[in-house]
Amino acid sequence: MGKASKRFRLFIKVFLLFFFLSLVGCASGLTNIAPKPPEKFERLGQATGKSTGFLGVLGTAYYFIPIGLNERVDGAYNKALASVPGATGLVDVSYEESWTWIVIGTLRNVTITGEAIRELR
């Protein structure tokens, strides 16, 4: 077995390793952006919340380290609720996502906008 054959077998092994690792990836459960509103509620006004996560390290095609990605939606929703005093939920919710490239990765921004509500009893 020659040197070229050993190098080729090593290349195939490394390629297959990266291929299978790319299939596994990161995963998370579903996130409910806005729970079902109560039967009776009062509208309090517009609410907006923003949150950011990071995906990066290495070159553009190789971004693989998620930092704070799964918490972005929950964080933006909670900030939207906190932006209106007394709010207990949101209705008419919209979700916007954008990203910014920062050489070593990308910042992934989420904005949640909706009408803040308070449950009436």
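This report covers a helix with a nonpolar patch and a set of paired strands in a predicted model.

Residue numbers start from 1 along each chain as its sequence is written. Local features need pLDDT of at least 70, side-chain atom pairs count only at pLDDT 80 or more, totals for chains, interfaces and linings use all residues, and side-chain values use heavy atoms, with hydrogens and water left out.

**Helix H1**

Helix H1 spans residues 3-24 and holds Leu16. Helices (H or I, at least four residues) and strands (E, at least two) are DSSP runs, numbered from the N terminus. Phe11 and Phe15 also lie in H1, four residues apart, about one turn of the helix.

A search of the whole structure finds one aromatic pair. Phe11 and Phe15 form that pair, and the pair is stacked, at 6.4 Å centre to centre and 20° between the planes. Rings of Phe, Tyr and Trp (its six-membered ring) pair if their centres lie within 6.5 Å; planes under 30 degrees apart count as stacked, over 60 as edge-to-face and the rest as tilted.

Phe8, Phe11, Ile12, Phe15, Leu16, Phe19 and Phe20 make a nonpolar surface patch of about 710 Å². Patch residues have over 30% relative accessible area and no salt bridge; nonpolar side chains (Val, Leu, Ile, Met, Phe, Trp, Tyr) are joined within 5 Å, like charges within 9 Å. A salt bridge is a side-chain nitrogen of Lys or Arg within 4 Å of a carboxyl oxygen of Asp or Glu. Areas come from the Shrake-Rupley method with a 1.4 Å probe; for residues, only the protein chains shown count as cover.

**Accessibility**

Buried means under 20% relative accessible area, exposed over 50%, partly exposed in between (1.4 Å probe, protein chains only).

| Residue | Relative accessible area | Class |
|---|---|---|
| Phe11 | 52% | exposed |
| Phe15 | 46% | partly exposed |
| Leu16 | 38% | partly exposed |
| Ser94 | 38% | partly exposed |
| Thr113 | 19% | buried |

**Strands**

Strand E1 (residues 41-56) pairs with strand E4 (residues 105-119) in the antiparallel sense, over 15 bridges. Pairing requires that DSSP finds at least two bridges between two strands. Leu55 stands opposite Thr106 in E4. E1 also runs antiparallel to strand E2 (residues 65-67), with three bridges. There, Phe54 stands opposite Ile67.

Thr113 lies in E4. Beyond its neighbours within four places in sequence, Thr113 contacts (heavy atoms within 4.5 Å) Gln46, Ala47, Thr48, Asp92, Val93 and Ser94. Ser94 sits in strand E3 (residues 89-101). With the four-place neighbours left aside, Ser94 is in contact with Thr111, Ile112 and Thr113. The C-alpha atoms of Ser94 and Gly114 are separated by 6.2 Å, at 20 residues apart along the chain.
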